[in-house]
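Subject: Structure for you to look through

Hello,

Here is the structure I said I would pass on. Please open it beside this message, and read the notes below with it in view.

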Amino acid sequence: RSDMMACAQTGTGKTAGFALPILQLLAPQQNSSPSPARHPIRALILTPTRELAAQVEDNVRAYAKHTALRSTVVFGGVDIAPQIKALREGVEVLVATPGRLLDHVQQKTINLTQVQILVLDEADRMLDMGFMPDIKRILSLLPTERQSLLFSATFSEEIKRLANQMLRNPVSIEVARRNAPADLVTHRMYEVDSARKGALLTHLIRSRDMQQVLVFVRTKRDANRLMRELVRDGVAATAIHSDRTQAERMQALDEFKNGTMKVMVATDIAARGLDIEQLPFVINYELPYAAEDYIHRIGRTGRAGSPGEAISLVCSEEKRMLDDIERELKRKLERLPMPELSGGRSRSPRHREEHAPRGNLHAVPAPKAPAPAAGGFDFSKPYEPSPKSGTADTTAKAGAALRAPVRRQTAALLGGHAKKS
C-alpha cells in the first residue's frame, strides 16, 4: 500500500475518503473477543482540534456500526480517566489530538507498536498551530512499516516539506485545483466603517431572517464581546474558542446545530473540519490575516451539495487582506450597497468607544446650559456675594485676612525651633 497526499475542496467528504478504506482494510482482523489484547490500535488518526477529532470519531463509529471494529477519541480539556478506561478495553481505530495522545504515552496508558495506518487530517492546520514537534515525537513511536496519509484542503510549501519527511514515494491526489473554495458558495461583501459593523451585522440577521449564521472574528476577546453585544440586541448567540472549556464548546456547538442559538461567533478554531449540516450563512465580521483561512472559513457552508453564502464586512483597514483573498480566489467579491441602518449602537469589537453615546458616534450634541434655578440664581456664573447690612465690614476684614501673607515657623536644621527671648 502506497503513502498518499490528498487535497480536495472542503466539504467534499475527505473523512469518508480515508475512514471507509481503513475500515475495509481492517475488517479481516475484526473479532468479537472481549480481550483487549485482541483489539490493538491499528489505525491512528491525528486532528488539530478537539471538535474535529470528535466529529471524525463520530463518523468512524457510524461507518463501523455493522462491524466488530472498535473506535474511540482522546483529546484535552476533559477528564482523562474515561479515555484510559476505553483504551484499556481495546480499540482498533484511535482518533486523537497530538497533545492528549502524548499525555497518554507519558502515562503509559497507550500502545502504538501495532499501528498499521497513520492519518494526518488538516495537516496544514497542525503546522499553523505549532504541532510539528509533537508530530515528530509521535512518528518516532510508530512502526516504520506503516502506511501514512496526509489530508488537507490546502497544500502549502510547509506541507510539502512535512510530506518529504514522513512519506515514502507518496501518491498525490488533488480533486480540485490547490486551495480552491467550494463552487456552491456565493461570495459577497459590504464596505463598512469599523464602528458600524455591529449595527450592520444585526441588521442583516434581522432583515434577512437568518436562522443559522456562523460569524468569524480574529480573537477570543472579540468573540466574547461580539456575542454579548448580539445578546444585548436580542439575538440568540453563543461563542466558541479555545478559552472555553470543552464542555462549554460542545454545548455551544450542539445549541447552534439544533437551532437553540441562531448565531455562533467563532475564532478560526472552528474554521477547520467542522461539519454543520446545510449551514446557509458564514459572515466574516473581520477578515483573516491569511487568505487560506478565508477558504477554510467559508468552507463551513456550501458542503455536500448544498448552496451557501459567504458575506464579509470589510473596513478600510482590511483592504490589503481583501486584495490577498481576491487574488487567492482569482475573482472579485460581489460588492453590495450599504443598507440604511437604524439608530443602533455603533461598535466594533476592537475599536469600541466604551462611553460613546448611542446613535451616530460623530454626532455629539453640544452641552446644554443649565437653566436658572428658582429665585433667579444662575449656577452657570461665578459666585459673587452681595453685601448685606451689618455684614460688609466683617466680610471685608475676612477677605483682608485671607489675602495677608501667612508667616510660618521654620525649624532650623538639627536645631529645632529658635527660642523666644
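The axes of helices α2 and α10 come within 11 Å and cross at roughly 60°. Axes here are lines fitted to C-alpha atoms, for helices over the stretch in contact, and angles run from 0 to 180 degrees between N-to-C directions. Helices (H or I, at least four residues) and strands (E, at least two) are DSSP runs, numbered from the N terminus. The crossing of α2 and α10 is right-handed; a crossing is right-handed if the near helix is turned clockwise from the far one by less than a right angle, and left-handed if anticlockwise. On the α2 side the contact (heavy atoms within 4.5 Å) is made by Arg50, Glu51 and Ala54, and on the α10 side by Gln246, Arg249, Met250 and Leu253. Three of these residues are nonpolar, one is polar and three are charged. In this count Ala, Val, Leu, Ile, Met, Phe, Trp, Tyr, Cys and Pro are nonpolar, Asp, Glu, Lys and Arg are charged, and the others, Gly among them, are polar.

Before going further, note that this is a predicted model, in which local features need pLDDT of at least 70 and side-chain atom pairs count only at pLDDT 80 or more, while totals for chains, interfaces and linings use all residues. Residues are numbered from 1 along each chain as its sequence is written, and side-chain values use heavy atoms, with hydrogens and water left out.

The protein chain has 13 helices and 14 strands. Of its 421 residues, 49% count as buried. Buried means under 20% relative accessible area, exposed over 50%, and partly exposed in between (1.4 Å probe, protein chains only). Among the contacts in the chain with a separation of 6 or more, 76% are between residues 24 or more positions apart.

Salt bridges

A salt bridge is a side-chain nitrogen of Lys or Arg within 4 Å of a carboxyl oxygen of Asp or Glu. The structure holds 18 of them. One joins Glu51 and Arg249, with the closest N and O atoms 2.6 Å apart. This pair links distant parts of the chain, since Glu51 is in helix α2 (residues 50-63) and Arg249 is in helix α10 (residues 246-257), 198 residues apart. Glu51 counts as buried because its relative accessibility is 3%, and Arg249 counts as buried because its relative accessibility is 2%.

Another salt bridge joins the side chains of Arg244 and Glu248, at 3.8 Å from N to O. Glu248 has 33% relative accessibility, so it counts as partly exposed.

Asp324 and Arg327 also form a salt bridge, at 2.8 Å from N to O. They are three residues apart in helix α12 (residues 319-329), so about one helical turn separates them. Arg327 is exposed, with a relative accessible area of 55%. There is also a network of salt bridges that links Arg188, Arg208, Glu309 and Glu334.

Helix α4 (residues 98-106) packs with helix α6 (residues 132-141) at an angle of about 45°, their axes 10 Å apart. That angle makes α4 oblique to α6; angles under 35 degrees count as roughly parallel, over 145 as roughly antiparallel, 65 to 115 as roughly perpendicular and the rest as oblique. The crossing of α4 and α6 is left-handed. Pro98, Gly99, Leu101, Leu102 and Val105 of α4 meet Asp134, Arg137, Ile138 and Leu141 of α6. The residues of this contact divide into six nonpolar, one polar and two charged.

Two buried residues

Ile325 is in helix α12 and is buried, with a relative accessible area of 1%. Leaving aside neighbours within four places in sequence, Ile325 is in contact with Leu287, Pro288, Ala291, Tyr294 and Leu333.

Val235 is in the loop between α9 (220-232) and β10 (237-240), and at 6% relative accessibility Val235 counts as buried. Val235 and Lys262 are 27 residues apart in sequence and 7.3 Å apart in space, C-alpha to C-alpha.

Backbone angles

Most residues other than glycine have a negative phi. Lys108, which is not a glycine, has a positive phi of about 60°. Lys108 lies in the loop between α4 and β5 (117-121) and is exposed, at 72% relative accessibility. Asp209 has a positive phi near 50° and lies in the loop between α8 (197-207) and β9 (213-216).

Regards
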